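Student: Could we go through a structure together, asking each time what a term rests on?
Tutor: Gladly; here it is.

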Amino acid sequence: MSDTFDPDALDPKTLDPQTLAVRAGSWRSEMAEHSEAIFLTSSYVFASAAEAAARFSGAEPGHVYSRVSNPGVAMFENRLAAIEGAQRCLATSSGMSAILSAIMGLLSAGDHVVASRSLFGSTMQLLSQILPRFGIQTTFVSATDAAEWQAAVRPETRLLFVESPSNPQIELSDIAALSGMAHQAGAWLMVDNSFCSPALQRPLVLGADLVVYSATKYLDGQGRVLGGAILGGDELLTRIHTFMRSAGPALSPFNAWILLKGLETLDLRMQAHSANALAVAEWLSAQPAVTSVRYPGLASHPQHELALRQQRTGGAMIAFEVRGGREAAWKVVDATRLISITANLGDTRTTITHPATTTHGRITPEQRAAAGVTDGMLRLAIGLESPRDICADLARGLVAC
Ligand SMILES: *Cc1c(COP(=O)(O)O)cnc(C)c1O
């Protein structure tokens, strides 16, 4: 195997993320393939008993078993680490296994977590229902209120965890401020950056210790595979890998190849998603049936200044509210012919969700109100169709409101 991205020949630090996204991490076998190979193998052969022993002990670098490492998975990890500016990346089978592995690798019974109240549903389930059984408690606070975060920190707090922008209200958390608070408390800050991707937001540069991804979303960007990733410094990631090599949340080599190629178009896709979303958000703001629009790229967003400081663009996610509650919101959903009715996001195709009766349907009306989910609220994940066609599809239901 020859390394086609020789760090001695070209210093990655001198290259822009767009260049790293198509070049970094790439290896070439003796076949001299230009596009990267897929290594569909569970195990590896050793030349001798001594080599097997050296590989297993770690005295000699090399792969021993694909639960622990795989050449194709390593290409994806190295490329994403280069784009993110991280010392190290570990790929996982899904976004949830990335979050679980980071927590299981670093925390113990008795440790405490402070997390934003507006989290991905399964993350909320993990923190509020599953981890307490293992002695890890979480206090949930407002995504935007720094005083609430500060008041929740205890001596045993080891981790602050946030998603920004949040789902479905599209609230922003000040990552630099939270990292200062975490470090003051002797805790780590972990950011779920799935909505922005490294193309739009770089939490490690803003002071976070760990970044996690559902690679299922924009890193793939085309709705094909599940995957996840954890990024950060060597020391923390080594501890997390110790958990992973025994626990087994490894990314499939085939999915790693899909994600490796997905990264090559990430920057272009995120720019197009953002431009489309801004156009749709502006159009929605002018519709009489729409009472409010939340999009970080609009000056009307309450945290527009923070968005300008910490994100490159507004991203793909929009929340808006229609006059007439659930009935009017469902009319908009049911009148669509182009937009997909699904709770998923991070696809080339625009999706629409009514959070109050789907993703947030099983919690109490009081909890829904606390999460800011109203009956008239709709969430859009804007895809790569033309904004004119997306707006025309929304207009079908909005005129009926
Ligand atoms: C989808 C998602 C997850 C979970 O990722 P999976 O790949 O589905 O396991 C976690 N966080 C956010 C913000 C997500 O959107």
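What follows is a talk about the ligand site, the pockets and some backbone details.

Tutor: This is a predicted model, in which local features need pLDDT of at least 70, side-chain atom pairs count only at pLDDT 80 or more, and totals for chains, interfaces and linings use all residues. Residues are numbered from 1 along each chain as its sequence is written, and side-chain values use heavy atoms, with hydrogens and water left out.

Student: Which residues surround the ligand?
Tutor: Ser94, Gly95, Met96, Phe120, Glu163, Asp192, Ser194, Phe195, Ser214, Thr216, Lys217 and Gly227 surround the ligand. Each counts as near because one of its heavy atoms lies within 4 Å of the molecule.

Student: How much of the ligand does the protein cover?
Tutor: The protein covers 92% of the 380 Å² of accessible area that the ligand has on its own. Such areas come from the Shrake-Rupley method with a 1.4 Å probe; for residues, only the protein chains shown count as cover.

Student: What is the volume of the largest pocket?
Tutor: The largest pocket has about 930 Å³. Of its 31 lining residues, Leu119, Gly121, Met124, His360 and Ile363 are the closest to its centre.

Student: What makes a set of points a pocket?
Tutor: On a 1 Å grid over the protein atoms alone, a pocket is an open set with protein on both sides within 12 Å along at least five of seven lines, whereas in a cavity a 1.4 Å probe fits but cannot get out; lining residues have an atom within 4 Å of a point.

Student: Which domains contribute to that lining?
Tutor: The lining of the largest pocket draws at least three residues from each of domain 1 (2-264) and domain 2 (268-398). The lining divides into 10 nonpolar, 16 polar and five charged residues.

Student: And what is the volume of the second largest pocket?
Tutor: About 670 Å³ of space lies there. The lining of the second largest pocket has 17 nonpolar, nine polar and six charged residues.

Student: What makes the backbone at Pro165 and Pro168 worth a look?
Tutor: The peptide bond from Ser164 to Pro165 is cis, with omega near -5 degrees, and a cis bond also joins Asn167 and Pro168, with omega about 0 degrees. Most peptide bonds are trans.

Technical notes. Grid points are joined across faces, edges and corners, and a volume is the space filled by probe spheres set on the points. Ala, Val, Leu, Ile, Met, Phe, Trp, Tyr, Cys and Pro count as nonpolar, Asp, Glu, Lys and Arg as charged, and the others, Gly among them, as polar. Domain bounds come from an automatic or database domain assignment.
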